[in-house]
Amino acid sequence: MCHTTHQVLDKRTEAVFKGLQAMMQDELLTDLVLVVGNEKLLCHKAVLAAVSPYIKEKVLEDVRVDTVQLDDIKFESLKLIVDFVYTAQAFRVDATNAEAVLCALKALNVSFVNDVLFFKNLISIEDCLGVL
């Protein structure tokens, strides 16, 4: 049976995401600590810099940077976003976390923040109304 390029890429993509997620969970080769208050999240510079111009700028300013302090966001929102980056698994945005998630996405200047389809898949109309 011949596999299409799309099927092969899907399997490769899935393998990459699973590998990255495992490495983050096991704290293998992590080289960046994101700090919010007293909470820390270990991750990889290259992975976060690929989706966050803010992180990319911080890292490129000084390649020795190993910690980025993020004071104006909630840790739970940061964790949701980083988990999404590492897994490509959508997270739930609802009336209780929508504002905090959007604030974190904007603070990180995440490249997919302006993608309407991204948000369409995460939040329901009822939850949008709940935010208002």
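Helix H5 (residues 98-108) contains several buried residues: Ala98, Ala100, Val101, Ala104, Leu105 and Leu108. Here "buried" means a relative accessible area under 20%, "exposed" means over 50%, and "partly exposed" covers the range in between, with a 1.4 Å probe and protein chains only. Helices (H or I, at least four residues) and strands (E, at least two) are DSSP runs, numbered from the N terminus.

The model is predicted: local features need pLDDT of at least 70, side-chain atom pairs count only at pLDDT 80 or more, and totals for chains, interfaces and linings use all residues. Residues are numbered from 1 along each chain as its sequence is written, and side-chain values use heavy atoms, with hydrogens and water left out.

Serine 77 belongs to helix H4 and is buried, with a relative accessible area of 3%. Apart from neighbours within four places in sequence, serine 77 is in contact (heavy atoms within 4.5 Å) with Ala100, Val101 and Ala104.

The side chain of threonine 87 reaches the backbone oxygen of aspartate 83 at 2.7 Å. Leaving aside neighbours within four places in sequence, threonine 87 touches Phe17 and Gln21.

**Residues with positive phi**

Alanine 88 lies in the loop between H4 and H5, and asparagine 109 is placed in the loop between H5 and helix H6 (116-120). Each has a positive phi although alanine 88 is not a glycine and asparagine 109 is likewise a residue other than glycine. The table sets out their values.

| Residue | Phi | Relative accessible area |
|---|---|---|
| Alanine 88 | about 65° | 39%, partly exposed |
| Asparagine 109 | about 55° | 42%, partly exposed |

**The sheet**

Three strands form an open sheet in the order E2-E1-E3, with mixed pairing. Strand E2 (39-43) and strand E3 (67-69) are the edge strands, each pairing on one side only. Neighbouring strands are turned by 20° against each other on average, direction ignored. Two strands pair if DSSP finds at least two bridges between them. E1 and E2 pair in the antiparallel sense over 5 bridges, and in E2 glutamate 39 is the bridge partner of valine 36. Helix H3 (residues 53-61) packs on the sheet, touching E1 and E3, and its direction makes about 130° with that of E3. Axes are lines fitted to C-alpha atoms, for helices over the stretch in contact, and angles run from 0 to 180 degrees between N-to-C directions. H4 lies across E1 and E2, running at about 10° to E2.

E1 and E2 also form a hairpin with 2 residues between them, and glycine 37 in the turn has a positive phi of about 60°.

**The chain as a whole**

The chain holds 7 helices and 3 strands, which run α-β-β-α-α-β-α-α-α-α from the N terminus on. Of its 132 residues, 36% are buried. Among contacts with a separation of 6 or more, 60% are between residues 24 or more positions apart. The chain exposes about 8,600 Å², and carbon and sulfur atoms supply 57% of that area. Accessible areas come from the Shrake-Rupley method with a 1.4 Å probe; for residues, only the protein chains shown count as cover.

The mean pLDDT of the chain is 82, and 77% of its residues reach 70 or more. This score is the predictor's confidence in each residue, from 0 to 100. Among the elements, strand E1 (residues 32-36) has the highest mean pLDDT (97), while helix H7 (residues 125-131) has the lowest (50). Where pLDDT is low, the predicted coordinates should not be read in detail.

Key: Polar contact = N/O pair within 3.5 Å; in protein donor to acceptor, adjacent residues only side chain to side chain.
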